Amino acid sequence: MKKIGFIGTGVMGASIVKHLLHAGHEVTVYTRTKTKADALVELGAKWAETPAKATEEQQIVFTMVGYPKDVEEVYCGDKGVFSSAKQGTIVVDMTTSEPTLAKKLYEQAKEIGVHSLDAPVSGGDIGAQNGTLSLMVGGDEAVFEQMKPIFEVFGQNIIYQGAAGAGHHTKMCNQIAIASGMIGVCESMIYGLNAGLTMDEVLRSITAGAAGSWSLSNLAPRMLKADFDPGFYIKHMIKDMKIALDEAERMNIQLPGLILAKTMYDKLLEDGYGENGTQALIKCYE
């Protein structure tokens, strides 16, 4: 069993910690709002006052925070991971963050004898709860192989993508597909409702056919129930789309579908829906 630090116990992080605890690992947690970790402490996790304290004496440290600036602060701040990580520690950032930052953290980790992986995930709150997340991993392949049994505690589709930053680039591919696809899901639901169809029956048909997707199976039913609780926050989706558009600009490519989706989500953010789940996109059609 491993000694693991886990920094960031939000919607998905908390479920991952539960899986690690259930598997018998010793987990020390830190999150900015301590009350979010209370239930995990009751389950046996230890509490740390800072990211540095959550890293001390750990073999593995996971981070899953909100924005790239949070990632950089958690790792490079005065009380950050790199201030206390011992040589040989493996650090794994599962935040959806910038590929360029992942490369920077990899190099800084290497200088102090620490191994760094970028390993963003897909599957939302449901995948985190069920332990079926997809992981896309960048960094040294030998370190990936060493970590794979730990990843398998909370993930199923675990793929090595390449050097540092490749995990985050792959997650951008994932987010681009979701962002444009969600427009199609919303418009499909709006069309069916206005045609007077029974949408539960519609979903039974179309989720099993060529239109089938994770969003259609898992988020369309929430749309129909007006359940906008976050599996993944709109505010975080906007952050991801901005990262993808910035990277696209660096590569001199155009992504008009992503630009349209971001415009729609930006409007929802302006209207106060940033804390809702991405399925609230359907409100653009009201």
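**Chat about methionine 94 and its surroundings**

Me: Leaving aside neighbours within four places in sequence, which residues is methionine 94 in contact with?
Reply: Methionine 94 is in contact (heavy atoms within 4.5 Å) with Phe6, Ile16, Phe62, Thr63, Met64, Ala119, Pro120, Val121 and Phe154. This is a predicted model, where local features need pLDDT of at least 70, side-chain atom pairs count only at pLDDT 80 or more, and totals for chains, interfaces and linings use all residues. Residues are numbered from 1 along each chain as its sequence is written, and side-chain values use heavy atoms, with hydrogens and water left out.

Me: Which residues have the most contacts inside the largest nonpolar core?
Reply: Phe6, Phe62, Met94 and Phe151, in a core of 33 residues. Such a core joins buried (under 20% relative accessible area, 1.4 Å probe, protein chains only) Ala, Val, Leu, Ile, Met, Phe, Trp, Tyr and Cys through side-chain atoms within 4.5 Å.

Me: What about a second core?
Reply: A separate one has 30 residues, including Ala179, Leu219, Ala261 and Leu268.

Me: Switching to rings, how many aromatic pairs are there?
Reply: Eight, counting Phe, Tyr and Trp (its six-membered ring) with centres within 6.5 Å.

Me: Which residues do the ring pairs link into a cluster?
Reply: Phe6, Phe62, Phe144, Phe151, Phe154 and Tyr160.

Conventions:
Rings of Phe, Tyr and Trp (its six-membered ring) pair if their centres lie within 6.5 Å; planes under 30 degrees apart count as stacked, over 60 as edge-to-face and the rest as tilted. Buried means under 20% relative accessible area, exposed over 50%, partly exposed in between (1.4 Å probe, protein chains only).
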